[in-house]
Protein chains: 2
Amino acid sequence: MSVITVERKILEKNDEVANQNRRTFADHGLFVVNIVSSPGAGKTSLLERTIERLKGKVKLAVIEGDVQTDLDARRVARYGVPAVQIVTRGGCHLEAGLVREAVQNIDLSLLQVLIIENVGNLVCPANYDLGEAAKVVVASTTEGDDKPLKYPAMFRNASVIIINKIDLLPYIQADLATLRKNALSINPSLTVFETSCTTGAGIDEWCEWLAAGARRRS
Amino acid sequence: MSVITVERKILEKNDEVANQNRRTFADHGLFVVNIVSSPGAGKTSLLERTIERLKGKVKLAVIEGDVQTDLDARRVARYGVPAVQIVTRGGCHLEAGLVREAVQNIDLSLLQVLIIENVGNLVCPANYDLGEAAKVVVASTTEGDDKPLKYPAMFRNASVIIINKIDLLPYIQADLATLRKNALSINPSLTVFETSCTTGAGIDEWCEWLAAGARRRS
């Protein structure tokens, strides 16, 4: 596990660096996803369940983005996968340059999948391409079923929505069908997974999607 | 209910305008709070419960900040209080200038309390003073108990933390004592409320705090 602490200087245009990242990833036949969500939607728990399922089958590494602390990289590194922590020190999103710096700590030639966990923020990361193949937005049922309407850019720019914490549906007012409908009204081409990191529901389907992405590139 | 749609031009320094706002609020003996949280922590539900409790006792109005939609102002306006919606069109936080513009739609001389519901974002609104007397951070138990450590600026700059959705504690792994301890480790002077908008727990205590703030100023 490595820790990079960021002085917030944007030296190059993000999109240009993102395209360089994309070429680097393509050169290594690497499938890269950028996981975004509100704070506490369950990105890191999802990663833990994902690594448990895919370890030994798919070679993966993780980049963790956080405003502060390396708690998440520590959680992930426990599972024995390469993990790099980016600490933005107040920065509200990851940028392509930070990812480029982070991957210098990882031997990409050994990998099939790179998962980037973005800063918990449903607004700002929407518009920052990191060079990923797909943006994956995690929406917790506990946030309510109206969030795609209220934060449309994130759902518009994502390829996948993971509706997480479905085990809590009996105890809350949010409606799963409404949440799904609202997300698809913003972006009809979203691939939808419905998961619980507590019960394990839906995790296999999501992992199969990841593994299929890796297979297409190798 | 009024709707203001924002072109994102920052024409004046935020802090300067915030101080002007603060003087305006003081001139009217107005207690102003700025409610911040992640998306879906329950700010609007908390507002609904608050208005139910305080209506007829404390004269209040609401400014709603959202990236998109006027859903929240509609929810609040149903309770018969003045409500102004600011739509930031992608903007990730409210600024003092937007609040100054919004209050032009409200007769401040009729009010005791003004509640500003910020954009759902645990990062960016932390550093934007709106001229409020107190920043109130709402943390949902479902987000996990580590969020004060991971998003410290918001908890450091707040005067109050409302730990919401305590009714869901039996179904999740987050620990209430740990969440409280983590928040106080970042900011020992936080006033802590523990609430559920579903059961009504803790709402009276929070409303009494708001009403006391209004009494001190009138």
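A:Ile166 is found in the loop between strand E7 (160-164) and helix H7 (176-186) of chain A. Helices (H or I, at least four residues) and strands (E, at least two) are DSSP runs, numbered from the N terminus. The model is predicted, so local features need pLDDT of at least 70 and side-chain atom pairs count only at pLDDT 80 or more, whereas totals for chains, interfaces and linings use all residues. Residues are numbered from 1 along each chain as its sequence is written, chains are lettered from A, and side-chain values use heavy atoms, with hydrogens and water left out.

Outside its sequence neighbours up to four places away, A:Ile166 touches A:Thr141, A:Leu176, A:Glu194, A:Thr195, A:Ser196 and A:Ala201. Contact here means heavy atoms within 4.5 Å. A:Thr199 lies 33 residues from A:Ile166 along the chain. The C-alpha atoms of the two are separated by 9.1 Å.

E7(A) pairs with strand E8 (residues 191-194) of chain A. The two run parallel, over four bridges. Pairing requires that DSSP find at least two bridges between the strands. A:Val160 stands opposite A:Thr191 in E8(A). From E7(A) the chain passes through H7(A) to E8(A), a right-handed β-α-β crossover. Right-handed means that, with the strands pointing away from the viewer, the path from the first strand over the helix to the second runs clockwise.

In chain B, strand E7 (residues 160-164) and strand E8 (residues 191-194) are parallel and joined by four bridges. B:Val160 stands opposite B:Thr191 in E8(B). Helix H7 (residues 176-186) of chain B carries the chain from E7(B) to E8(B), and this β-α-β crossover is right-handed.

The chains meet through 30 residues of chain B and 31 residues of chain A. About 2400 Å² is buried between them, and carbon and sulfur atoms give 62% of this area. Buried area is the accessible area (1.4 Å probe) that two parts lose on being put together, summed over both. B:Pro39, B:Lys150 and B:Tyr171 supply 24% of the area that chain B buries against chain A, more than any other three residues.

Over all chains, the structure holds 23 salt bridges. A:Lys150 lies in helix H5 (residues 147-150) of chain A and B:Asp72 in helix H3 of chain B, so this pair joins two chains. Their side chains meet in a salt bridge (2.7 Å, N to O). The rule asks for a side-chain nitrogen of Lys or Arg within 4 Å of a carboxyl oxygen of Asp or Glu. Across the interface it finds four salt bridges. On the side of chain B that touches chain A, helix H3 (71-77) and helix H5 (147-150) of chain B are the elements that give two or more residues. H5(B) gives the most, with three residues.
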